[in-house]
Amino acid sequence: MPILVQKYGGTSVGSIDRIKNVAQRIIEKKLEGNKMVVVVSAMAKTTDQLLDIAYQLSKRPPKRELDMLLSTGEQTSIALLSIALNELGHEAISFTGPQVGIKTTGIHTKSRISEIDGTRIQNALNEDKIVIVAGFQGINENDDITTLGRGGSDTTAVALAASLNAECQIFTDVDGIYSVDPRLYPKAKKLDTICYEEMLEMASLGAGVMHTRAIELGEKYNVPIYVSSSINNKKGTMIKESDNMMEGPAITGMAINNDEAMISLNHVPHNIEFIASIFDALAKKSINIDMISQTSPKNNQVSISFTLPKEDLLEGKEILNSYIHQYPEIHLTVHKEITKLSVVGIGMRSQSGVAAQMFMLLAEENIPIHMVTTSEIKISYVIQPEDQQKAIEKIAETFDL
């Protein structure tokens with residue numbers, strides 16, 4: 001019998017009725033002849049509620065204790081879903097990440113999966129049980145519970161699918177991958193397929209349906225990932241290897257990210273070792289720096305701007321302030337409210353002029369650009385949030401997204 005790994009997000013198990021709905025969906029797949037492994041997130045809003053309590057107690061709660069706290073959300077979900085399945089006459093057993101041997105490395109709240117021991121899952125499947133696994137969590141080399149960061153349940157599901165040589169299905173509150181977030185552009189098209197490379201760019205740029213590390217694992221181990229709705233049975237989107245179409249569209253999708261801030265450092269000494277040490281210090285705290293721009297040196301000084309997640313802004317500023325103590329002439333400016341708008345498409349490799357067209361479209365709408373970065377298959381712009389909607393509509397209409 002084939003193994004099928006499914007993942008259900010927080011909204012999918014956000015109420016008793018939805019838990020019952022998920023249980024019925026799992027049973028249907030089991031009756032079709034599949035061995036079922038199901039990864040579940042915390043019930044909707046649970047993680048935010050737990051974080052709110054923690055930050056009421058402390059402005060800077062220890063990250064180890066945050067992991068201990070947040071992991072309880074998934075533990076609640078898996079137990080409730082297992083109870084529902086057993087009540088419907090199908091034997092199910094729930095496991096936390098540590099119980100099924102999901103081993104992690106890295107810092108608390110942002111750990112990475114290093115290996116999975118699937119023995120306990122295989123034993124349960126051999127006993128014809130439905131296996132329910134807590135997403136988002138594992139155990140590190142110190143036997144401490146860890147969490148995998150935002151979107152960690154997706155990562156758990158794809159990692160398990162790779163480990164078990166299984167199919168992977170991600171069920172969420174949307175019915176697939178859209179060219180643009182339909183909440184921002186209601187006329188957006190749903191994609192039947194998208195390649196790992198494009199999806200990885202879109203996920204890293206702010207498209208919230210899938211997490212980047214899950215896509216990375218899918219691509220590395222060639223696990224096709226099907227994304228669809230847990231509420232209805234509409235056809236979803238398959239994330240898979242590129243089929244190398246001879247003529248694809250220049251742009252497949254557009255991602256919008258309002259969860260990043262921009263930091264500008266002026267009067268920075270033009271010393272590559274000094275500049276490298278700044279980014280090394282940020283990296284050691286697992287602060288993900290995305291867009292970076294640097295001016296040409298003037299009077300042996302440069303200006304550097306970069307973007308980082310808002311959640312890392314406080315820690316990032318503390319690190320930078322330690323450098324400013326060494327060089328008081330450095331001036332730091334924080335831009336908290338920015339929009340990062342990105343277009344993605346493997347067609348850019350073979351079609352020239354996309355960047356020029358994008359600049360012209362933004363110019364026609366009188367939209368100032370604060371920073372630009374490009375790669376083979378994407379172009380990202382930092383603009384003001386008030387310009388976001390007209391930029392989305394103009395680009396989506398022009399490229400038929």
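Student: Two strands pair if DSSP finds at least two bridges between them. Which residue in E20 is the bridge partner of Leu 341?

Tutor: The bridge partner of Leu 341 is Tyr 381. Strands E18 (residues 339-344) and E20 (residues 378-383) pair in the antiparallel sense, over six bridges. Strands (E, at least two residues) and helices (H or I, at least four) are DSSP runs, numbered from the N terminus.

Student: What should I know about the model itself?

Tutor: This is a predicted model, in which local features need pLDDT of at least 70 and side-chain atom pairs count only at pLDDT 80 or more, while totals for chains, interfaces and linings use all residues. Residues are numbered from 1 along each chain as its sequence is written, and side-chain values use heavy atoms, with hydrogens and water left out.

Student: Which sheet has E18 and E20 in it?

Tutor: They belong to an open sheet of four strands, in the order E13-E18-E20-E19, with antiparallel pairing. Its edge strands are E13 (253-257) and E19 (371-375), each of which pairs on one side only. On average, neighbouring strands of this sheet are turned by 15° against each other, direction ignored. Axes here are lines fitted to C-alpha atoms, for helices over the stretch in contact, and angles run from 0 to 180 degrees between N-to-C directions.

Student: Which strands does helix H6 touch?

Tutor: Helix H6 (residues 196-204) packs on this sheet and touches E13, E18, E19 and E20. The direction of H6 makes about 175° with that of E18. Helix H10 (residues 354-364) lies across E18, E19 and E20 and runs at about 25° to E20. Contact means heavy atoms within 4.5 Å.

Student: New topic: why is E16 called largely enclosed?

Tutor: Seven of the nine residues of strand E16 (residues 301-309) are buried, so the rest of the structure largely encloses E16. Buried means under 20% relative accessible area, exposed means over 50%, and partly exposed lies in between (1.4 Å probe, protein chains only).

Student: How many bridges join E14 to E16?

Tutor: Eight bridges join E14 (residues 260-269) to E16, and the two run antiparallel. Ala 261 stands opposite Leu 308 in E16. Strand E15 (residues 292-294) also pairs with E16 in the antiparallel sense, over three bridges. In the hairpin of E15 and E16, with six residues between the strands, Asn 299 takes a positive phi near 55°.

Student: And Asn 140: buried or exposed?

Tutor: Asn 140 counts as buried because its relative accessibility is 7%. Asn 140 lies in the loop between strand E7 (137-139) and strand E8 (145-147). Its side chain reaches the backbone nitrogen of Asn 142 at 2.9 Å. Leaving aside neighbours within four places in sequence, Asn 140 is in contact with Thr 104, His 108 and Thr 146.

Student: Last one: how many residues are in the largest nonpolar core?

Tutor: The largest nonpolar core has 38 residues, and Val 37, Ile 121, Val 133, Met 199, Met 210 and Ile 239 touch the most other members. Helix H5 (residues 152-164) gives the most to this core, with five residues. Apart from this core lies another of 24 residues, among them Ala 250, Met 348, Leu 361 and Leu 362. A nonpolar core is a set of buried Ala, Val, Leu, Ile, Met, Phe, Trp, Tyr and Cys residues joined through side-chain atoms within 4.5 Å.

Definitions and conventions:
A polar contact is a pair of N or O atoms within 3.5 Å; within protein, one must be able to donate a hydrogen and the other to accept it, and residues adjacent in sequence count only if both atoms are side-chain atoms.
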